[in-house]
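Grab a pencil and keep the viewer open. Here are some exercises, each with a worked solution.

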2 protein chains.
Amino acid sequence: MAHAEFLFDFGSPNAYLAHKVIPGIEARTGASFRYVPILLGGLFKRTGNQSPIFAFANIPAKMAYEHLEIQRFIARHDLPFVMNPHFPINTLMLMRMVTAAAMDGGFKPFVDAVFRLMWEAPKKMDDPAIAIAALEEAGLDASALHQRSQDADVKAKLLASTEDAAARGAFGIPTFFVNGQMYFGKDRLREVEEALAG
Amino acid sequence: MAHAEFLFDFGSPNAYLAHKVIPGIEARTGASFRYVPILLGGLFKRTGNQSPIFAFANIPAKMAYEHLEIQRFIARHDLPFVMNPHFPINTLMLMRMVTAAAMDGGFKPFVDAVFRLMWEAPKKMDDPAIAIAALEEAGLDASALHQRSQDADVKAKLLASTEDAAARGAFGIPTFFVNGQMYFGKDRLREVEEALAG
């Protein structure tokens, strides 16, 4: 069975959009995606890159096109999406928590819940009280995960994944790897699917 | 019959790559592309945008990925491509000449010849003597076109096309329009083709 990796950070709307179409790609190709949590802010620091909202701040036409392509993607795949009014969200806590879930269990329901709380029913998810309450309402033991996420081995794991991503050539989110080939951006998902099918 | 517009400047390798696959899209869809010469440097000034070689100068991983995607595109479409050793080339003279050809005749052979001399058998095409000699060797009356390109109406036409592109939301090259919808980048050609087919 073919495998792909999906490097993500909850703070990226384009990571959310990729997350929503990955199940369809898995169903059509029989492949499975391994989700790899990384810290986008850390990757930016390592690579000299920055978020489109900063990179395109003085290029309004480019920013408008970025938004247009998000709207087209949403329409093509019939996705729910609500821009988070608190964007950009500092995701350090969330990425440590999801790393803890990857190490200890409960990864997939946590990923689904956080992406939903970021980009479907958005909340200020860098506020620990708000995030923990929303996740517990979704049935997750977020308090325990938050506690666990502060352990040194969890912090080290997230740091290592982020450094590994940079070492493999990643500079942004979403990034995919198939058979050692890197693809950047939600708009590469067709090529990713072709690589998995072929 | 469906129509598309292709906004181009000879200085963009990605415009060359688009130019090479457009005939296939026309054959498959029955559509035709109208080529619109614009001055990329002028568009950058108008929109605050800049070339990837400047924008990504301090983001080596992003620049490397840009090159990887060019190589993938070339491989997928089996295209000849040689990086112009004199890149970036100042294209003001060439874009005025192609604008003159659009106004007076001989547009298509001129476009084919210049793209080839930029990106297949590359020459220092911002040197008037080199460019005119190479184009005359290709059978074009480049001296006359060069002379004509210095007339005020030709200069004004290129300026107007560039300003019109900015007014319609363009910020880079290659840009396509289908039914009033804008698409940026060679990697949007699948969506362009779908829009023309659909």
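**Exercise 1.** Find the bridge partner of B:E5 in β2(B).

*Solution.* Step one: the partner you want is B:R34. Step two: look at the strands around this pair, where β1 (residues 3–8) and β2 (residues 32–37) of chain B run parallel and share six bridges. (Strands are DSSP runs of E with at least two residues, helices are runs of H or I with at least four, and both are numbered from the N terminus; two strands pair if DSSP finds at least two bridges between them.) A word on the model: it is predicted, so local features need pLDDT of at least 70 and side-chain atom pairs count only at pLDDT 80 or more, while totals for chains, interfaces and linings use all residues. Residues are numbered from 1 along each chain as its sequence is written, and chains are lettered from A and ligands numbered from 1 in the order in which they are written.

**Exercise 2.** Which residue of β3(B) stands opposite B:E5?

*Solution.* Start from β1(B), which is joined to β3 (residues 175–178) of chain B by four bridges, in the antiparallel sense. Across from B:E5 you'll then find B:F177.

**Exercise 3.** How many residues of chain A are in contact with chain B?

*Solution.* Count 14 residues of chain A, which meet 14 of chain B. (Contact means that the C-beta atoms, placed from the backbone, lie within 7 Å.) Next, see where they sit: helix α4 (residues 60–77) of chain A gives the largest share of chain A's side, four residues.

Methods
Two residues are in contact if their C-beta atoms, placed from the backbone, lie within 7 Å.
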